[in-house]
Amino acid sequence: MLNNSFRFTPHITLEFKIEEKDFFIASESASRIKKTLQQLGIKQDIIKRTAIIIYEAAMNVAIHAIHGALKVYVDPEVISVVTEDVGPGIENVELAMKEGYSTAPQEIREMGFGAGMGLPNIKQCSDELVIDTKIGEGTTLKAKIYLNKNHE
Amino acid sequence: MTLGEIVKELGLEVLTGNINLNKEIKSGYVSDLLSDVIANIEQDSIWITIQRHINILGVAKLKDVIAIVIPRNLSVEEEVIKKAKEEGIAILRDRRNAFEITGLLYNMLKKAQNK
């Protein structure tokens, strides 16, 4: 059994493909990774934040991109969540980071998605966040969550 | 307070059979924005929403939601009910609106916690 006195986190890579408008994969991949992290005995708060980042990042790819991939790397010190997509790119990253700002189409908003909370949620939950985007090509998002660091 | 007790006291319609009726409800949340729910709902909650598409089940599963309550007797597709049963998430329905259901539930849960 895993406990606090002996905790071993191996190097793990988890990968999911995301197709356009495949919204279910966001919660499905987040649920699966959550379960894996629970089995590793990782702290509740870290798991909660990681799950939110995975859900929102994968959701952004499903809503906006043509296709993409989600990769999660679990190391002894840090969890990295990476999404890479082929898509329209983000025109104004600063604006996209603002709560309530969204470029999601109306029918997607009616489903309760695209409320302009995705990137702000990711930012709030991560210790480091880098977004690389090229208009007309795609976006790469990298979020890091440190396992042994206080998150403010 | 168990989900079964809540169902009985409020006279809620159960769409998913016996699923989760014996589970303890700790808290509740009301929102139709899925990002808001993902960020803020607590574990073992009852969630009130008018969203009824299949993706609410993904959100519920991720956040360990015990039951979803659909207000105003809005229709729920058979496909969603079937998937909810598979995932072990209860779907309930009521004639009242979200405001009324939330008020009733809030008072019930508060009273149960103070006992």
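Leaving aside its neighbours within four places in sequence, with which residues is Ile54(A) in contact? The residues are Ser29(A), Ala30(A), Ile33(A), Leu70(A), Val72(A) and Val81(A), where contact means that the C-beta atoms of two residues, placed from the backbone, lie within 7 Å.

The structure is a predicted model, in which local features need pLDDT of at least 70 and side-chain atom pairs count only at pLDDT 80 or more, while totals for chains, interfaces and linings use all residues. Residues are numbered from 1 along each chain as its sequence is written, and chains are lettered from A and ligands numbered from 1 in the order in which they are written.

**The nonpolar core**

Ile54(A) also belongs to the largest nonpolar core, which has 65 residues. Such a core is a set of buried Ala, Val, Leu, Ile, Met, Phe, Trp, Tyr and Cys residues joined through C-beta atoms within 7 Å. A residue is buried if 20 or more other C-beta atoms lie within 10 Å of its own, exposed if 12 or fewer, and partly exposed in between, with C-beta atoms placed from the backbone. The members that touch the most other members are Ile54(A), Tyr55(A), Ala57(A), Ala58(A), Ala67(B), Ile68(B) and Val69(B). Helix α2(A) gives the largest share of this core, eleven residues. Helices (H or I, at least four residues) and strands (E, at least two) are DSSP runs, numbered from the N terminus.

**Helix pairs in chain A**

A crossing is left-handed if the near helix is turned anticlockwise from the far one by less than a right angle, and right-handed if clockwise.

The crossing of α1(A) and α2(A) is right-handed. Among the residues that make this contact are Ile25(A), Ala30(A) and Ile33(A) of α1(A), together with Ile47(A), Ile54(A) and Tyr55(A) of α2(A). By class, the contact of α1(A) with α2(A) has twelve nonpolar, four polar and one charged residues. Here Ala, Val, Leu, Ile, Met, Phe, Trp, Tyr, Cys and Pro count as nonpolar, Asp, Glu, Lys and Arg as charged, and the others, Gly among them, as polar.

**Between the chains**

In chain A, 19 residues are in contact with 15 residues of chain B. The elements of chain A that give two or more residues to this side are α1 (24–39), α2 and α5. The largest share, seven residues, comes from α1(A). By class, the side of chain A that touches chain B has eleven nonpolar, five polar and three charged residues.

Helix α3 (residues 55–62) of chain B is largely enclosed by the rest of the structure, because seven of its eight residues are buried. These are Asn55(B), Ile56(B), Leu57(B), Gly58(B), Val59(B), Ala60(B) and Leu62(B). Their cover includes α1 and α2 of chain A together with α2, β3, β4 (67–70) and α4 (78–87) of chain B. Asp64(B), which follows α3(B), has a positive phi, near 50°.

**Individual residues**

Lys21(A) is not a glycine, yet its phi is positive, about 65°. Lys21(A) is found in the loop between β1 (12–19) and α1 of chain A, and is exposed, with 10 other C-beta atoms within 10 Å. Asp44(B) likewise has a positive phi, near 55°, and its place is in the loop between α2 (34–40) and β3 (45–48) of chain B. With 17 C-beta neighbours inside 10 Å, Asp44(B) counts as partly exposed.

Thr102(B) is placed in helix α5 (residues 98–114) of chain B and is partly exposed, with 18 C-beta neighbours inside 10 Å. Leaving aside its neighbours within four places in sequence, Thr102(B) is in contact with Val30(B) and Ile48(B).
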